[in-house]
Amino acid sequence: MKLTRLRTAALAAGLTTMLASTALAADVKATMIIYLDPSVQFFNPVVKGAQDAAAAFGVDLDVQYANNDPVRQNDLIESATASGVDGIAVAISSSDAFDESICAAVKAGIVVIGFNNDDLDGAKGNCRQAYVGMNEFASGYELGNRMIKEFGLKSGDVVFNPREIPEASFAVARGGGIEKAMTEAGIKVETVRAGLDPAEAQNIMAQFLIANPTVKALFGTGSVTSTVGAGAIKDAGVDIPFGGFDLAVEIVNAVESGAMFATMDQQPYLQGYHPIAQIALAKKYGLTPTDIDTGQGAFLDKSRISSVKPLIGSYR
């Protein structure tokens, strides 16, 4: 078919209009809600992953921090819902504190994806449409069994598992996995509230170890107790094996030096990237959000830790 100049111009105008319409249709608004504050370095790769996904899929992304305040987190969820965003990615750090606000968002037609922390009952306990994060219980169970095998822990031993926020879903799940592994081997688990302040947590842990010299091993639960665990052991003047979770410069250095046996990496970059990507794909193409386990194969000991060190704070 031969195109006339007028017809070509008309087609070009039509194509421009179509592309502009496509671009407008691609616009998606999403809010990401992190339950802690911006000073927690663990969430840096989460935010990078979310920002990378937003750039790739044309998402207008707003990142908010709840500062470990459930009231503020509910306010942020309700504000995002009222503003008419297309999707909310939210760390479900409590199994019951956010049920109403999240269900209200879903009923309003907003795609809600949990990340990093999930309801302990999963999809049965919360309206969120998918969860992107580590299987916390399974990772705790795996770490517990690896420590038993590596260090010969046995029936009658006592181990120490301090927890930053004992009632938080990640602490209940990870600690539950550790306790299951220990209980099966006849080992007792002692725990305390360590809090989120690193210096205070290190002191609490060191004092416990000094007061309980028969403890045979230390398990960090979150990024704080895992970051300061090696220091607490040193402060207490004891020599016991130590394993934990997450990644930070201090954790990598401890594993490299042998002060820490291993850490369970939940790959936080993926926890930021996939929720925002899935919100965009659900909005643009109607694709159903899907659960993603970011903790598969994430056991990092001395043989593997060096490969991730250059990526701390960005992709790891």
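This is a predicted model: local features need pLDDT of at least 70, side-chain atom pairs count only at pLDDT 80 or more; totals for chains, interfaces and linings use all residues.
**Salt bridges**

Glutamate 142 pairs with arginine 146 in a salt bridge, and their closest N and O atoms are 2.9 Å apart. Both sit in helix H5 (residues 136-151), four residues apart, so about one helical turn separates them. Glutamate 142 is partly exposed at 31% relative accessible area, and arginine 146 is partly exposed at 35%.

I then took glutamate 190. A salt bridge links glutamate 190 to lysine 188, with 3.3 Å between the closest N and O atoms. Glutamate 190 is partly exposed, at 27% relative accessible area. Lysine 188 is partly exposed too, at 48%.

My next pair was arginine 316 and aspartate 265. Their side chains form a salt bridge at 2.6 Å, N to O. Arginine 316 lies in the segment after strand S12 (299-301), and aspartate 265 lies in the loop between strand S10 (262-264) and helix H10 (268-285), so this bridge ties together parts 51 residues apart in sequence. Are these two residues buried or exposed? Arginine 316 is buried, with a relative accessible area of 18%. Aspartate 265 is buried, at 0%. I also noted a network: salt bridges with shared partners join Glu136, Arg174 and Asp246. I logged a count of 13 salt bridges.

**Disulfide**

I found one disulfide. Cysteine 103 is joined to cysteine 127, with an S to S distance of 1.8 Å. Cysteine 103 belongs to helix H4, and cysteine 127 to the loop between strand S4 (111-115) and strand S5 (130-133), so the pair ties together parts 24 residues apart in sequence. I read the torsion about the S-S bond as about 75°, so the disulfide is right-handed. Cysteine 127 is partly exposed, with a relative accessible area of 30%.

**Helix H3**

I moved on to helix H3 (residues 70-83). H3 has 14 residues and reaches 20 Å from its first C-alpha to its last, close to the 20 Å expected. Which residues of H3 are buried? I listed Gln73, Asn74, Leu76, Ile77, Ala80 and Thr81. They cover an arc of only 155° around the axis, so they lie on the same side of H3. Their cover includes strand S1 (28-34), strand S2 (59-65), strand S3 (87-90) and helix H4 (99-107). On the face turned away from the buried side I noted the exposed residues Val71, Ala82 and Ser83.

I checked both ends of H3. At the start, a side-chain oxygen of aspartate 69 comes to within 3.0 Å of the backbone nitrogen of valine 71. Glycine 84 follows H3, and its phi is positive, near 80°.

Conventions: Residues are numbered from 1 along each chain as its sequence is written. Side-chain values use heavy atoms; hydrogens and water are left out. Helices (H or I, at least four residues) and strands (E, at least two) are DSSP runs, numbered from the N terminus. The expected span of a helix is 1.5 Å times one less than its number of residues. Buried means under 20% relative accessible area, exposed over 50%, partly exposed in between (1.4 Å probe, protein chains only). The arc is that of the directions from the helix axis to the C-beta atoms. Contact means heavy atoms within 4.5 Å. A polar contact is a pair of N or O atoms within 3.5 Å; within protein, one must be able to donate a hydrogen and the other to accept it, and residues adjacent in sequence count only if both atoms are side-chain atoms. A disulfide is a pair of cysteine sulfur atoms within 2.5 Å. A salt bridge is a side-chain nitrogen of Lys or Arg within 4 Å of a carboxyl oxygen of Asp or Glu.
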